2 protein chains.
Amino acid sequence: MFSKSCQYGIRAVLFLAVYSSAEKRLGVTEIANKLEIPKHFLAKILQQLAKENLISSSRGPSGGFYLNKKNRKSNLKDIIEAIDGSQIFTDCILGLKECSSEKPCPLHFQAFGIKEGLNYQFEHQTIGEMAEKIVRTNLSI
Amino acid sequence: MFSKSCQYGIRAVLFLAVYSSAEKRLGVTEIANKLEIPKHFLAKILQQLAKENLISSSRGPSGGFYLNKKNRKSNLKDIIEAIDGSQIFTDCILGLKECSSEKPCPLHFQAFGIKEGLNYQFEHQTIGEMAEKIVRTNLSI
DNA sequence: CAAAAAGAAGATATGTCTGTCTTTTATTGT
DNA sequence: ACAATAAAAGACAGACATATCTTCTTTTTG
């Protein structure tokens, strides 16, 4: 479903959402250790997300990654699209280039339902709201 | 979502369901040409499906691949699991090894809904029924 | 100014996915 | 029995994803 990069990215963003703030920034090493993700691999993913303004970063001592208020208003779909692209939400499930309601593949209408579900699940709550839920119901990242 | 192998495999099985019978078998070359799939790549996929008795085959002149009555009663989930495995229906969407209702990841219950949808969509109709629908509503494979 | 940490780029290694080719085996029709 | 046909099987190669490690630059803090 999602690439490893994407899974790592989502977990890291949620970790930042729960444990970081503009005052308390987290270094790659710390995040990688806590989530058991290869450090240098995670660094690349976080840099990519920072470049797309989905997470924030600052250099220097006491620098690190964190989420600002605006970051907390993004949703999982933004993260997923930034890392894996939007194919999963848009492309034909059978890989046909020509596939539409006018010229549907055998799974077109079924896939439509699935994609609707994905969109709903990943778009209808913000990262901030998810962080709240993680703390409230003690979910493991 | 699905690997190329799986997409090719599904299309090939549906093609066989529509155009083949125990009397009219189709060679790899013919299927590969019609569906615009690399021939030798498709051969491997079909061999794998034949070994798992999801499609039928016979060698020699006028041999080829086809679906028998039993094959037509299998469903897409069988095909998908034979090629890509059952991960998409079972594994944690965030890649966590420990993820259950007791110790859920932040997406566990959302993913449950998505997986239910996948199961429903791919399990509730047989290959034979799909073939009928393809013919009836003129869907492109 | 020195230390800390991200940013950026590249080398390397491994593994999986995708794709091609060749050889072997089984079946059929003559 | 023989030749043709087609699947079965395995060897191989390139692309891409995943992962690790270096090196260097830039920015910021104390």
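A: B:Gln110 touches A:Gln121, A:Gln125, A:Met130 and A:Lys133, leaving aside residues up to four places away in sequence, where a contact means heavy atoms within 4.5 Å. This glutamine lies in helix α6 of chain B, and helices here are DSSP runs of H or I with at least four residues, while strands are runs of E with at least two, both numbered from the N terminus. With a relative accessibility of 7%, B:Gln110 counts as buried, since buried means under 20% relative accessible area, exposed means over 50%, and partly exposed is what lies in between, computed with a 1.4 Å probe on protein chains only.

Before going on, please keep in mind that this is a predicted model, in which local features need pLDDT of at least 70 and side-chain atom pairs count only at pLDDT 80 or more, whereas totals for chains, interfaces and linings use all residues. Residues are numbered from 1 along each chain as its sequence is written, chains are lettered from A and ligands numbered from 1 in the order in which they are written, and side-chain values use heavy atoms, with hydrogens and water left out.

Let us now widen the view to the whole interface. The size of an interface is often given as the accessible area lost when the parts come together. Chain B and chain A bury about 2,800 Å² between them, with 70% of it on carbon and sulfur atoms; buried area is the accessible area (1.4 Å probe) that two parts lose on being put together, summed over both. Within chain B, the residues that lose the most area to chain A are B:Met1, B:Pro106 and B:Gln110, which together make up 23% of what that side buries.

The contact takes 29 residues from chain B and 29 residues from chain A. Between the two chains the count of salt bridges is zero, a salt bridge being a side-chain nitrogen of Lys or Arg within 4 Å of a carboxyl oxygen of Asp or Glu. The rule does find five residue pairs in polar contact across the interface, both residues at pLDDT 80 or more; such a contact is a pair of N or O atoms within 3.5 Å, where within protein one must be able to donate a hydrogen and the other to accept it, and residues adjacent in sequence count only if both atoms are side-chain atoms.

On the side of chain B that touches chain A, the elements giving two or more residues are α1 (4–19), α6 (108–123) and α7 (127–137) of chain B. Of these, α6(B) gives the most, with five residues. Sorted by class, that side has 20 nonpolar, six polar and three charged residues, where Ala, Val, Leu, Ile, Met, Phe, Trp, Tyr, Cys and Pro count as nonpolar, Asp, Glu, Lys and Arg as charged, and the others, Gly among them, as polar.

Finally, how are the two chains arranged? A rotation of 180° with 0.0 Å of shift along its axis superposes chain B on chain A, with an RMSD of 0.1 Å, the copies being superposed by least squares on the C-alpha atoms of residues with pLDDT of at least 70 in both. The two copies are thus related as by a two-fold rotation axis. In chain B, the C-alpha nearest that axis belongs to B:Met1, at 2.3 Å from it. The same surface serves both copies, as 100% of the contact residues of chain B recur in chain A.
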